[in-house]
Amino acid sequence: MTSTKARRLTAVLAVLISTGATGAFALTGEAQAAQPRHPLPGTAPTWLSSAKKTADTKDSTDVSFGVLLTLRNQADAEATLADVSDPSSPAYGDWLTNSEFNAAYAPAASDISAVKAWLTGQGFSVSSAFQSGMYLSAHGPASQVEKTFDTGLASFTLDGTSVRANTTALSLPADAPSAVVSAIGGVLGLDQAVALKTPNRVAAQAPAKAPSTPSTPSTPATQPADVLPGPPAGFRSVTEACSDYFGESLATSLPKAYGKYAPWAVCGYTPSQIQSAYGLGDVIKSGINGKGITVAITDAFAAPTIVGDTAKYSANHGLPQFKSGQFSQIVPAANSYDPDWIDLCDAQGWYGEETLDVQAVHATAPGANIVYVGGSDCGSGLDEAWAETIDNHAADIITNSWTDYYDDPDILGPDYVDFYYQFSLEAALTGISVLFSSGDDGDHTNIASDDPADSAKSVEFPNDLPFVTSVGGTSLEVGKNGSYAGEYGWQSSYTDPYDGSAWSLPGTWRIGGGGGTSVLFAQPWYQRGVVPSSVATWTPDGSHGPAMRAVPDVAMTADANTGLIVGETQEFPDGTYYDEYRIGGTSLASPLFAGVLAVTSQQARHPVGFVNPVLYNQVGRNSVHDIKAPTSPVAQVRPNYLNGVDTSDGVMAMVESIDTQSTTLHDTKGWDDETGIGSPNGAAFVSAVSGIPVGHRSTKHWGSSYGWLGSWIPSGHHNNKPGGPGFGSWGYGDWGFGHH
């Protein structure tokens with residue numbers, strides 16, 4: 001189940017600094033009142049009441065933080081996006097270049113210079129600045145941070161995790177120049193707990209394994225072994241009893257479920273089965289395979305064996321090997337990793353996330369370029385890696401298989417929300433498709449916890465941003481010969497392990513794709529008239545209010561028992577070697593859909609860009625599978641090794657009831673809050689979204705208005721590009737696992 005370290009926080013009221021008059025005022029006599037400071041509202045950590053303070057931060061500790069500068073003309077930027085992303089508009093597809101975005105909407109050069117100079121004058125080092133000037137990275141002694149922002153810094157224990165945070169709301173000094181005060185939109189990174197991300201991957205307790213591959217030496221680690229840990233502990237699920245396709249092999253040795261023998265869960269769908277079921281097989285065989293399009297994957301850390309593992313995986317499953325320059329990693333330099341964050345974030349868990357994301361994109365777009373961008377941690381390091389990928393227009397499509405746990409403004413804070421809002425708006429305006437998985441906790445109402453706040457209905461941030469595509473989950477039935485045999489929303493209930501008696505059905509809800517209504521963002525224009533009012537106007541208190549953003553937008557397979565087989569080097573009891581297993585979660589759905597968009601972009605002969613308005617035009621058309629709830633119970637049996645790797649300690653079996661409708665999320669005709677518009681329907685989807693029927697030649701010019709990436713590599717990172725020319729030689733400028 002979900003690892004929500006430092007995320008399941010008790011929501012409390014934000015502490016704001018109250019200020020008086022905005023200017024200095026004189027007192028009688030010799031005393032003069034101090035000028036009021038300039039508050040940064042919403043920057044007080046709201047979780048302090050549920051944490052235990054362990055120590056004050058030493059004055060000499062070097063503390064890193066980021067400064068967000070505000071956009072200019074934000075309302076105009078939003079209006080421009082609505083125009084250029086509207087398929088019926090004459091301006092459709094006229095995405096901005098980075099230079100055009102900077103000239104119209106990025107902070108003015110004078111403001112950027114003023115903030116840099118002010119930070120330097122305060123005793124900080126400005127270590128890097130994004131090309132747009134929207135974000136500056138700085139660091140300095142803890143004592144100076146406390147003085148400048150009028151706060152304390154301390155370590156706290158929160159849910160068993162040690163994190164650092166500011167102890168009060170932040171403010172700027174009274175004598176800060178007016179240009180600096182007006183330009184600074186927020187300060188990020190001091191509160192370490194607010195932004196911890198978790199990958200949305202599901203291993204179904206122990207992921208299923210494909211036919212084993214001979215043990216071979218792994219590819220040398222991306223990072224020195226003494227910096228990041230080696231491969232993760234091995235895990236498998238039962239291979240003695242699994243189906244090659246959905247429903248192939250029945251569990252006749254066990255009691256019936258819903259009056260009939262249920263099938264054993266699939267061993268793990270292969271890339272060819274995924275391609276075939278979603279109608280992409282013939283499209284890809286025709287040469288429309290994502291060539292010329294670049295997909296970026298952002299995660300934390302870096303899998304040490306990803307290159308060799310993906311080469312073996314491709315050979316095992318009929319995928320082409322990466323050509324020279326087709327795959328690259330941009331990862332932090334070894335000295336950028338903080339040992340405390342390696343433990344806090346479970347670095348090895350992120351290795352599997354990268355493995356899944358890379359291999360899933362390659363499965364649905366085998367010709368696409370893939371660039372993996374690794375953050376130095378699962379907090380601000382990942383935030384910055386994600387944002388800089390956008391700011392340098394490093395990819396045509398960016399897939400992100402991670403979320404924060406709560407969509408709660410009190411916990412997230414306005415600075416953090418603004419950071420994601422600004423950069424996602426930049427991405428959309430400059431023609432980048434940004435995808436986020438919707439999360440694996442359904443609507444959160446079935447989460448088991450001692451804290452009532454954990455089971456309050458919620459979606460997850462940042463997947464509810466209006467300028468990104470939220471990808472939800474399904475349970476996919478791939479039939480014999482790769483046919484599309486059925487698909488349901490992914491909400492899974494499980495029985496207790498079989499003890500010799502009849503199954504207790506449907507069991508207990510355990511996991512499912514995220515969906516619902518945002519409390520942060522108003523309803524975007526493309527959802528009007530499509531999302532039902534009952535969903536759009538939902539409010540946490542049960543009443544109805546203004547229409548808000550709803551998720552997901554689209555969906556693909558995510559059920560761990562109908563998931564993709566992937567391959568990764570792991571540490572087993574008998575040695576460390578490459579092996580394969582089945583995996584799911586919306587972490588699978590997002591990179592699979594990224595591959596679909598890469599194929600669609602190649603067909604269009606240009607990146608499709610911010611695709612949501614086009615997606616919502618597909619509702620009710622044959623370009624998507626309209627996912628509906630099963631009319632009778634659908635079940636399958638999942639066996640698990642008790643020790644996670646083999647039969648030596650025994651095997652248990654459980655029944656999964658598929659799409660039990662046990663949350664407030666339900667499959668309905670058209671758009672719904674479980675699967676969005678539905679799942680892509682192969683050539684019909686590619687034709688409709690690209691605007692060019694599959695099989696027809698395009699008369700559109702093939703080229704990018706975005707320019708070239710050049711030699712850009714983020715500060716503190718290095719390019720690990722196997723076997724290819726320099727990073728700057730790529731065409732289109734550019735640069736996920738499945739348990740939550």
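## Disulfides, cores and local geometry of a predicted model

Cys-242 and Cys-267 form a disulfide with their sulfur atoms 1.9 Å apart, a disulfide being a pair of cysteine sulfur atoms within 2.5 Å. The structure is a predicted model, in which local features need pLDDT of at least 70, side-chain atom pairs count only at pLDDT 80 or more, and totals for chains, interfaces and linings use all residues. Residues are numbered from 1 along each chain as its sequence is written, and side-chain values use heavy atoms, with hydrogens and water left out.

**Overall make-up**

The protein has 17 helices and 30 strands; helices (H or I, at least four residues) and strands (E, at least two) are DSSP runs numbered from the N terminus. Of its 740 residues, 61% count as buried. Buried stands for under 20% relative accessible area, exposed for over 50%, and partly exposed for values in between (1.4 Å probe, protein chains only). The accessible surface of the protein comes to about 25400 Å², and 52% of it belongs to carbon and sulfur atoms. These areas come from the Shrake-Rupley method with a 1.4 Å probe, and for residues only the protein chains shown count as cover.

**The two disulfides**

The structure holds two disulfides. With bonded cysteines counted along the chain, they follow the pattern 1-2, 3-4. The torsion about the S-S bond of Cys-242 and Cys-267 is about 90°, so this disulfide is right-handed. Cys-242 and Cys-267 are both in the loop between β10 (198–199) and α6 (271–277), 25 residues apart.

The other disulfide joins Cys-345 to Cys-378, with an S to S distance of 2.2 Å. Its torsion of -80° about the S-S bond makes the link left-handed. Cys-345 lies in the loop between α9 (339–344) and α10, and Cys-378 in the loop between β13 (369–375) and α11 (380–391), so the pair ties together parts that are 33 residues apart in sequence.

| Residue | Relative accessible area | State |
|---|---|---|
| Cys-242 | 15% | buried |
| Cys-267 | 14% | buried |
| Cys-345 | 6% | buried |
| Cys-378 | 2% | buried |

**Helix α10 and the residue Asp-346**

Asp-346 is found in the loop between α9 and α10. Asp-346 is not a glycine, yet has a positive phi of about 55°. With a relative accessible area of 40%, Asp-346 is partly exposed.

Helix α10 itself covers residues 347–364, and its 18 residues should span 26 Å at 1.5 Å a residue; the end C-alpha atoms are 27 Å apart, which agrees. The expected span is 1.5 Å times one less than the number of residues. Of the 18 residues of α10, 17 are buried.

**Nonpolar cores**

A nonpolar core is a set of buried Ala, Val, Leu, Ile, Met, Phe, Trp, Tyr and Cys residues joined through side-chain atoms within 4.5 Å. The largest has 140 residues, of which Trp-386, Phe-423 and Phe-593 touch the most other members. Leaving out residues up to four places away in sequence, Phe-423 touches Leu-68, Phe-130, Met-134, Tyr-135, Trp-386, Ala-387, Ile-390 and Asp-391, where contact means heavy atoms within 4.5 Å.

**Two buried loop residues**

Trp-47 is found in the loop between β1 (38–40) and β2 (52–56), and counts as buried at 0% relative accessibility. Its side chain is joined to that of Asp-191 by a polar contact of 3.2 Å. A polar contact is a pair of N or O atoms within 3.5 Å; within protein, one must be able to donate a hydrogen and the other to accept it, and residues adjacent in sequence count only if both atoms are side-chain atoms. Trp-47 and Val-194 are 147 residues apart in sequence and 8.8 Å apart in space, C-alpha to C-alpha.

Thr-495 is in the loop between β19 (491–494) and β20 (508–512). Thr-495 is buried, with a relative accessible area of 1%. Its side chain reaches the backbone nitrogen of Val-655 at 3.0 Å. Among the residues that Thr-495 touches, beyond four places away in sequence, are Trp-503, Pro-506, Arg-510 and Met-654.

**Backbone exceptions**

Most residues other than glycine have a negative phi, and most peptide bonds are trans. The peptide bond from Leu-505 to Pro-506 is cis, with omega near 0°; Pro-506 lies in the loop between β19 and β20. Another cis peptide bond runs from Phe-461 to Pro-462, with omega near 10°, and Pro-462 is in the loop between β16 (433–437) and β17 (469–478).

Asn-481, in the loop between β17 and β18 (484–489), has a positive phi of about 65° although it is not a glycine. With a relative accessible area of 74%, Asn-481 is exposed.
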